[in-house]
Amino acid sequence: MAAFVRGMFWHILVAERSNILKKSNDCIVDSKRYVRALKRRPVKVLYPDSETTSPTSKQRSDQIVNKQSQKVASKMRESTVNAILKNETTNKRVSSMSWSARNGNASTTSEHTTNLKDQLGGLKFERALPGDKRLARVVSVACSRTFREHQGKILLEGRRLICDALAAGANPQMVFFSSVDRLCDLPLDKLKRATLVKVKFEDIKIWSDLVAPQGVIAIFSRPDPSRLTFPQDQRGQSVPLSLICDNVRDPGNLGTILRCAVAAGCHNVLLTKGCVDAWEPKVLRAAMGAHFRLPIFPNLDWDDIQNQLPKLVTVHVADNCSGSEREVAEEAKQSNKPSKMGEYGWVSSRPNCKDMRYKEYESDLDSELSLPRVETKLYHEGWAQGNTGLVIGGETHGLSLEAVQLAEKTAGQRLFIPVVFGVDSLNSAMAASILLFEGRRQLLNLMETSGRKAKSKVQFP
């Protein structure tokens, strides 16, 4: 019975499935069309072919469709306008770039290069490639005195020292700098003949002797003091006072002495062969540009020193001995015994091996040679009365015998600076500063009392 019922139900369902209808809200819809409409998600409901809709519902559907089409059209117009505006902006940029390209400023590199040329006044510079050893080679100029003398080159570091050298007329050969700003701090019109090389700041820091390098190092030809141009306002304030450095071997002391000589208005500075090289970097730093403010003649014999001095000149020597040594020398003088070099700590007992006159006395110098007779005078008493020369000895060996003989020959004196008991002596640079400024004071007072200027009173060669 059950099987019969199932067979009849299946026959009815297959044979007449198109006649099965579903009624909903007074509308008869085909089941197959209804299912397909749900799957397609249509914009509007699809009705059967035989179904007719009312005019009201059709108007509503048309209004909805029109509103949607208007929204879509407005969005399309907005997107089109934005696209047109964007294209116009892009075209303007492209046209401006093409215009700048026609005028030579298209690329950033060309702009940077043009600005650098304008900034450097048309100067060209090189960029040091990896492995470039030119900076390392030129540093040997500063380290070796022999190389400086044979090659005729000196090394200057720092903006101020290089500017002073260029102002005095020194000849630059090569300049190493870390940035264009550092190079622009220098007078560019005086660097046209020099080779300019841009290097890394780390390389300059490695080879520099300064704690805080300034990023610029220059190589100059060794200047000739007679050809340099010194500041006229400073030379106009000079006094007829020449400084002679004898066996000053400490770079810091020599640089400080040169700086004091410039401040005191000395006419020139003469260095004997026993002194340290005046162009050593430590001397240059301590002198603070004194090399380019007054004539400095290095590596001179005593005959050359006499030729550099005026004809009518009085040469005095600085007494760098202690009070006890001075008392011993006074006692020897009062006893009318011949004074010997070994009795004075301010005179060197070593002979000048370059002078053949003293070679035969090397075995027993103190017993054979006696010290020339030079009167002693306190430093604040009148000793600068005209063309004056002052000899400063080094701290290690003191004055040479030639310096004392020159003082005796020119009727000079031994200038003594008294110190308290227990102090051996003063530093050479300190003694030079005291004597130089005292000599300047005496010379200025002399010119004021006589009513004549230094230029009309004293004529230098």
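Ten salt bridges turn up in the structure, each one a side-chain nitrogen of Lys or Arg within 4 Å of a carboxyl oxygen of Asp or Glu. This is a predicted model, so local features need pLDDT of at least 70 and side-chain atom pairs count only at pLDDT 80 or more, while totals for chains, interfaces and linings use all residues. Residues are numbered from 1 along each chain as its sequence is written, and side-chain values use heavy atoms, with hydrogens and water left out.

One of the pairs stays local. Arg-145 meets Glu-149 with the closest N and O atoms 3.0 Å apart, and both sit in helix α6 (residues 145-151), four residues, or about one turn, from each other. Helices (H or I, at least four residues) and strands (E, at least two) are DSSP runs, numbered from the N terminus. Arg-145 is partly exposed at 31% relative accessible area, and Glu-149 is partly exposed too, at 36%; buried means under 20%, exposed over 50%, and partly exposed in between (1.4 Å probe, protein chains only).

Arg-293 and Asp-164 also pair up, at 3.3 Å between the closest N and O atoms. Arg-293 belongs to the loop between α12 (281-287) and β10 (296-300) and Asp-164 to helix α7 (residues 159-167), so this contact ties together parts 129 residues apart in sequence. Asp-164 is buried, at 16%.

For Arg-222 and Asp-277, the closest N and O atoms are 3.4 Å apart. That pair links distant parts of the chain, 55 residues apart. Arg-222 is partly exposed at 26%, whereas Asp-277 is buried at 3%.
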